Amino acid sequence: MFDDLKGRRVLITGSTQGIGLAAAQAFARHGAKVGINGRKAPADLDATLKTMESAGGEAAFFAGDLCSSAACKAVVDAFVERFGGIDVLINNAGGLVGRKPLEEIDDEFFDAVTDLNARSALMTTKHALPHLRRSAQDSGQTASVILVGSVAGYTGGGPGAGLYGAAKAWLHNIQKNWVAFHTKEGIRFNTVSPGTFDTAFHADKDEAAKARVSTGIPMGRFGKPEECAPTFLFFASHGCSGYITGQVLDVNGGQFMP
Ligand code: NAD
């Protein structure tokens with residue numbers, strides 16, 4: 001089904017664990033050339049890369065704290081130097097940073113949340129754009145940018161997560177502008193919007209808290225990162241989604257139905 005992903009050059013930001021890593025492993029199983037990224041190399045990096053290569057992909061790690069625009073450019077440049085171009089960019093780096101109610105938000109926290117969730121995606125996409133354009137021209141197929149939104153982008157987020165929710169809503173929205181102005185260049189933009197997935201993102205919750213959250217999810221449980229991965233394959237594959245752009249795909253067990 002995803003045969004056309006073989007050999008595609010896929011850069012996934014924030015992918016040393018969780019949803020991003022599960023996506024990277026899925027792309028490797030389909031024979032893609034995959035770049036994973038995090039602020040620094042994780043302890044299990046060698047094993048991770050080896051597993052991805054023995055699954056049939058090519059894999060490399062690109063360190064960079066994407067809160068910095070210079071690092072966004074450096075990661076894109078290093079990926080292009082390694083693989084010769086970019087066909088698919090997945091802007092997955094993101095997170096809560098912390099929980100602060102409105103009255104406790106200061107400039108430093110505002111910058112930290114918006115840099116990680118909004119600036120990183122915009123700057124990485126900006127620097128990848130010439131390569132994505134070239135990919136579309138050379139292959140005659142669309143190149144694909146995938147953003148990672150959130151159920152919080154609709155609901156506003158839980159306690160102390162208002163800024164995070166707003167940054168994710170910003171992503172859901174800004175792709176509309178990119179669709180309007182870059183579709184003619186052969187680039188598609190779509191968003192995968194997870195609900196509640198069992199990753200380090202929820203490390204602040206004990207089992208009782210997770211059980212309480214699960215009661216609000218019709219599926220009755222958190223998602224597993226590998227259950228999100230196929231949506232990235234779908235939006236990356238020209239054969240599957242070559243006429244789909246500007247969409248938000250909600251992967252949330254029925255938690256929210258916009
Ligand atoms: P995670 O904490 O397990 O993974 C986050 C990844 O981002 C890690 O690989 C980490 O190294 C990387 N990262 C963090 N800061 C970075 C930085 N400054 N520069 C580069 N990389 C950085 O979380 P996850 O649950 O896998 O989240 C992945 C994405 O999904 C995030 O954008 C998150 O907001 C979104 N999301 C998660 C959930 C959920 O319930 N888990 C729900 C909705 C949206």
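I take a polar contact to be a pair of N or O atoms within 3.5 Å; within protein, one must be able to donate a hydrogen and the other to accept it, and residues adjacent in sequence count only if both atoms are side-chain atoms. The model is predicted, so I note that local features need pLDDT of at least 70 and side-chain atom pairs pLDDT 80 or more, while totals for chains, interfaces and linings use all residues. Residues are numbered from 1 along each chain as its sequence is written, and side-chain values use heavy atoms, without hydrogens and water.

**Entry 1: ligand**

I checked the ligand oxygens first. One lies 2.8 Å from a polar backbone atom of F197. For Y164, a side-chain N or O atom is 2.6 Å from a ligand oxygen; for T199, the corresponding distance is 2.5 Å. Alone, the ligand exposes 830 Å², of which the protein buries 94% (Shrake-Rupley areas, 1.4 Å probe; for residues, only the protein chains shown count as cover). I counted 31 residues around the ligand (a heavy atom within 4 Å), and T16, N92, Y164, T199 and H202 come nearest.

**Entry 2: helix α2**

I read helices (H or I, at least four residues) and strands (E, at least two) as DSSP runs, numbered from the N terminus. Buried means under 20% relative accessible area, exposed over 50%, and partly exposed in between (1.4 Å probe, protein chains only).

Which residues of α2 are buried? I found L45, T48, L49 and M52 in this helix of residues 45-54. Seen down the axis of α2, they fall within an arc of 95°, so they line one face; the arc is that of the directions from the helix axis to the C-beta atoms. An α-helix has 3.6 residues a turn, so residues three or four places apart point the same way. On the other side of α2, I recorded D46, K50 and S54 as exposed. The buried residues pack against α1 (18-29), β2 (33-38) and β3 (58-63), with contact meaning heavy atoms within 4.5 Å. G56 follows α2 and has a positive phi, near 120°.

V97 is not a glycine, yet I found a positive phi of about 70°. V97 sits in the loop between β4 (88-91) and α4 (107-139), and counts as partly exposed at 49% relative accessibility.

I located N252 in the segment after β7 (248-251); N252 is buried, at 11% relative accessibility. A polar atom of the N252 side chain lies 2.8 Å from the backbone oxygen of F256. Beyond neighbours within four places in sequence, N252 contacts G195 and I217.
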